[in-house]
Amino acid sequence: MASNSDTLYIKIEQNVLVKEPSVVLKDIAKLTSTNRELVNKLKTLKVYQFHTPANQDKKKRQSQVFSILKIIELIGKEYSNVDIQNMGEKDFIIEYEPQQEVKWIQYLKVAILCIFTFFGSAFTIMTFNNDVGVGEVFLDFYQQVMGKSSNGFTVLEISYAIGLSLGILIFFNHIGRKKITHDPTPLQVEMRTYEKDIDTTFIENCGRKGTSNDVD
């Protein structure tokens, strides 16, 4: 590499979402260099073109796995005198999402998911309480402390119901659109972990099949 070469720093996340079929470098990467003219030119460098097969829904998502070496090769073809420093992932996924669904369909999906979650959670809590005999424990405890039989609707049941609800809200750190603290919720943490596992598996599978966009 010549001594007067420009140093380019490039950073690409493991999963990048694009909205247009024609993908240029600025859509997927963060670029910086002391040579601003070089950065501005590289931002418009075409990386990939998504094509929708005739027998496939045009609204269907498409994904392609890329190696950072392929990006370096594309840059090198246009600008050979550039020293590229990769600050991001070695392999990454470009996901093309043609068009968002109609809003009412999104709302319908959320409503259905909420219904399933509500009744599923209620069923789980009821079966757990039944398995461990929470009702019988409350009856026995109330009788031992108060010296009379419980009618099944006492301060114990009320406190348990309120405490269970508050415990769920505090644990998940979420009330409607509001968060109790600025920390990520347990659900967000699990979703990010799941997404990373999915991306890693997809990249590895494409690498084994030889379908990733890499250098020869």
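## Basis of the model

Helices (H or I, at least four residues) and strands (E, at least two) are DSSP runs, numbered from the N terminus. This is a predicted model, in which local features need pLDDT of at least 70 and side-chain atom pairs count only at pLDDT 80 or more, while totals for chains, interfaces and linings use all residues. Residues are numbered from 1 along each chain as its sequence is written, and side-chain values use heavy atoms, with hydrogens and water left out.

## The sheet S2-S8-S6

Strands pair if DSSP finds at least two bridges between them. Three strands form an open sheet with mixed pairing, in the order S2-S8-S6. Strand S2 (15-18) and strand S6 (62-67) are the edge strands, each pairing on one side only. From one strand to the next, the twist averages 25°. Angles run from 0 to 180 degrees between N-to-C directions, and axes are lines fitted to C-alpha atoms, for helices over the stretch in contact.

Six bridges join S6 to strand S8 (residues 91-96) in the antiparallel sense. Within this pairing, Gln62 has Tyr96 of S8 as its bridge partner. Strands of a sheet pair through backbone hydrogen bonds, either parallel or antiparallel.

## Helices on the sheet

Contact is counted when heavy atoms lie within 4.5 Å. Helix H3 (residues 68-78) packs on the sheet and touches S6 and S8; its direction makes about 75° with that of S6. Helix H7 lies across S2, S6 and S8, and runs at about 100° to S8.

Glu195 is placed in helix H7. From C-alpha to C-alpha, Glu195 and Leu17 are 13 Å apart in space, although 178 residues separate them in sequence.

## Pairings of strand S1

Strand S1 (residues 6-11) runs parallel to strand S7 (residues 82-86), and five bridges join the two. One of the residue pairs is Thr7 with Asp83, its bridge partner in S7.

S1 also pairs with strand S4 (residues 30-32), in the antiparallel sense and over three bridges. Here Ile10 stands opposite Leu31 in S4.

## Salt bridges

A salt bridge is a side-chain nitrogen of Lys or Arg within 4 Å of a carboxyl oxygen of Asp or Glu. A search of the whole structure finds seven of them. To describe the residues involved, buried means under 20% relative accessible area, exposed means over 50%, and partly exposed lies in between (1.4 Å probe, protein chains only).

The side chains of Glu95 and Arg61 meet in a salt bridge at 2.9 Å, N to O. Glu95 lies in strand S8 and Arg61 in the loop between strand S5 (46-49) and S6, so this pair ties together parts that are 34 residues apart in sequence. Glu95 is buried, with a relative accessible area of 16%, whereas Arg61 counts as partly exposed at 42%. Glu13 and Lys11 form another salt bridge through their side chains, at 4.0 Å from N to O. Glu13 is partly exposed at 40% relative accessibility, and Lys11 is partly exposed at 39%.

In helix H7, Arg192 and Glu195 lie three residues apart, about one turn of the helix. Their closest N and O atoms are 3.7 Å apart in a salt bridge. Arg192 is partly exposed at 49% relative accessibility, and Glu195 is partly exposed at 36%. Elsewhere, salt bridges that share partners join Lys19, Arg61, Glu95 and Glu97 into one network.

## A nonpolar surface patch

Patches are made of residues with over 30% relative accessible area and no salt bridge; like charges are joined within 9 Å, and nonpolar side chains (Val, Leu, Ile, Met, Phe, Trp, Tyr) within 5 Å. Accessible areas come from the Shrake-Rupley method with a 1.4 Å probe, and for residues only the protein chains shown count as cover. One nonpolar patch of about 780 Å² is made by Phe153, Ile158, Ile162, Leu166, Leu169, Ile170, Ile175 and Ile180.

Ile180 is placed in the loop between helix H6 (155-172) and helix H7 (186-209). Its relative accessible area of 46% makes Ile180 partly exposed.

## A buried asparagine

Asn129 is placed in helix H4 (residues 103-132). At 17% relative accessibility, this residue counts as buried. Leaving aside residues up to four places away in sequence, Asn129 touches Val134 and Tyr160.
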